[in-house]
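Here's a walk through one residue and then the contact between two chains. Have the model open as you read.

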Number of protein chains: 2
Amino acid sequence: MDANIDVTVREVGLRDGLQTIAEFMPTETKLEWIAAELAAGVREIEVTSFVPPKLIPQFADAEEVATRAMQLPGLQVMTLVPNLRGAERAFALGVHKIDFVVSVSRTHNLKNVRREREESLADLKRIVAARDAAGLRGRTAVAAGLSTALGCSYEGRVAVDEVRRCAAYLAEAGVDEIMVADTVGYADPRQVREVFDAVLAEAGGIPVAGHFHDTRGTGLANVSAALDCGIRRFDASLGGLGGCPFAPGASGNIVMEDLVFMLDSMGLRTGVDLERLLAVREIPARHLAPGTLLGAVAKAGLPTGYVPAAERSAVAA
Amino acid sequence: MDANIDVTVREVGLRDGLQTIAEFMPTETKLEWIAAELAAGVREIEVTSFVPPKLIPQFADAEEVATRAMQLPGLQVMTLVPNLRGAERAFALGVHKIDFVVSVSRTHNLKNVRREREESLADLKRIVAARDAAGLRGRTAVAAGLSTALGCSYEGRVAVDEVRRCAAYLAEAGVDEIMVADTVGYADPRQVREVFDAVLAEAGGIPVAGHFHDTRGTGLANVSAALDCGIRRFDASLGGLGGCPFAPGASGNIVMEDLVFMLDSMGLRTGVDLERLLAVREIPARHLAPGTLLGAVAKAGLPTGYVPAAERSAVAA
């Protein structure tokens, strides 16, 4: 692994995290969080979800959050869309990127969106067509997530060939990014290499991102394995916000601060100021139950005399 | 990384863990824990420390714990020795392996054992000589740990050349095993590869083990990087018992259960029965404050339909 490589970290806590939090976080807090994390150097944020507010009231302010987030200079605004109708809401605002998720596990897809996996894949093509018809090609990117790509809480292990088949479908559908997700935190580094190599072989140059959960402690090990495969985009959430609906008390998304620490310590360029990032925690923490935000670096502090990668490169140059 | 590779996991919680716990754990509990973890398949355990009981009263029962542990068939009994006097106590019992630690960081060595690093290294030679003089060569192995090899809470980054120099000294001194320790949890996978490659180059065939702390969330990522270097021996503690004296609330040693899950999931052979290992937690938990034992797998449970590596190999064979 050479240093001086750019790695993009994307905050997904406002979507993947908040969707597990019943209490509504005030819109102003969400926007303060987004602005502060952007200021810390996280330039891509999944700010909300265009699911029906009746299903998840936390996202009742989706239009307002997305609209105001798009006014922040330098921010790539991503939103989840569960279906074509949600995508149309996102297209109406012209968000920079939409995130549409299909489960590789057929059972998980049925339970999650009550549709066959193939119906969801067909939806994706309709969404890409609708984006193009709206004249948004080149303005609104379509990112497609393969959830349960590394295991499923209903089906257990997921065959690599199934992941490969779905990835090939996404590439053929013309998506702008493929996100491979270990939705329930089952993956190990060996499996990550196998699955990401398979996806990369089908992706044909489309950027591939890794979305890992730390439910069984392997989150950063899996990031490291994906880095070895050449993956340079990772999702994470501040304080690991997200949890796992199947495991009370267990952690969900990998912790953004710990991810940035590891990448930065490795000399990879994230563009994130770790001290400022750690300070952002205070904003969502005001509206969350004590102990909701996890994070090893937040607890232990940075190493003595820690020099951020950006300053190390400056010294070396 | 090929599967079907043997990896040794060593429990260090009874030493590295308990040394941070003020309340004395009853000798019977310690022995019950050792026996149960051996029965779960952990065949090497650091059972105690021969430090002066006045310094750490937790180890006032060191002789009894070590003596009775040695009666357990199939167990490799290791004990920490802080100096020649401690080593003589261990030799008197004929333990299978002693663990003598030198800090690569000079400041840490001074603070930890009030000696210059070179004095500690010279001690090691005396200990090897004493072992041989006692006729214990081939019976009691001398394992030497390089602590703060990946960072120091006093000095910060530690130069790889310093680690290399110490490793060369250990190899020349004739130790039976070299343990490279990230004592304060500073390491990242890139640094692990650099440091372990350097140590392996000096070790000349002497087994090298990895001792990682998870203080900043990178513990298992560092294990994975060390595996890539060819390291096949890892320390861990049940429930991550250990903590970090410099960071209240932060985790210490990597969690044995999570380590075994990751290795087993990768298809590596640890010989450990994960379900039985998880059940061992109940024994130390009886005498520890609630919440002392950490662990992601213990919280989240094993993946749906999880098949241990041993059974997978059996099916494949």
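In which helix of chain A does A:Ile127 lie? Keep in mind that this is a predicted model. The residue belongs to helix 6 of chain A, which covers residues 117–133.

A:Ile127 is buried because its relative accessible area is 0%, and the cut-off for buried is under 20%. Leaving out residues up to four places away in sequence, the residues that A:Ile127 touches are A:Asn83, A:Leu84, A:Ala87, A:Phe91, A:Ile98 and A:Phe100. Take A:Asn83 from that set: A:Ile127 sits 44 residues from A:Asn83 in sequence, yet their C-alpha atoms are 7.9 Å apart in space.

Now for the place where the two chains meet. Chain A and chain B each put 39 residues into the contact. Together they bury about 3000 Å², and carbon and sulfur atoms supply 55% of that area. On the chain B side, the residues losing the most area to chain A are B:Arg190, B:Arg216 and B:Thr304, which together make up 22% of what that side buries.

What about the polar side of things? The counts across the interface look like this:

| Interaction between chain B and chain A | Count |
|---|---|
| Salt bridges | 2 salt bridges |
| Polar contacts (both residues at pLDDT 80 or more) | 16 residue pairs |

One salt bridge pairs B:Asp228 with A:Arg193, with 3.0 Å between the closest N and O atoms. The elements of chain B giving two or more residues to this side are helix 8 (189–203), helix 9 (219–229), helix 10 (256–265) and helix 13 (296–300). Sorted by class, chain B's side has 18 nonpolar, 10 polar and 11 charged residues.

How values were computed: Residues numbered from 1 in each chain as written. Chains lettered and ligands numbered in written order. Predicted model: local features only at pLDDT ≥ 70, side-chain atom pairs only at ≥ 80, totals over all residues. Heavy atoms only, no water. Contact = heavy atoms within 4.5 Å. Buried area = accessible area lost by both parts, 1.4 Å probe. Salt bridge = Lys/Arg side-chain N within 4 Å of Asp/Glu carboxyl O. Polar contact = N/O pair within 3.5 Å; in protein donor to acceptor, adjacent residues only side chain to side chain. Helix = DSSP H or I, 4+ residues; strand = E, 2+ residues; numbered from the N terminus. Nonpolar A, V, L, I, M, F, W, Y, C, P; charged D, E, K, R; others polar. Buried < 20%, exposed > 50% of the residue type's maximum accessible area, 1.4 Å probe, protein only.
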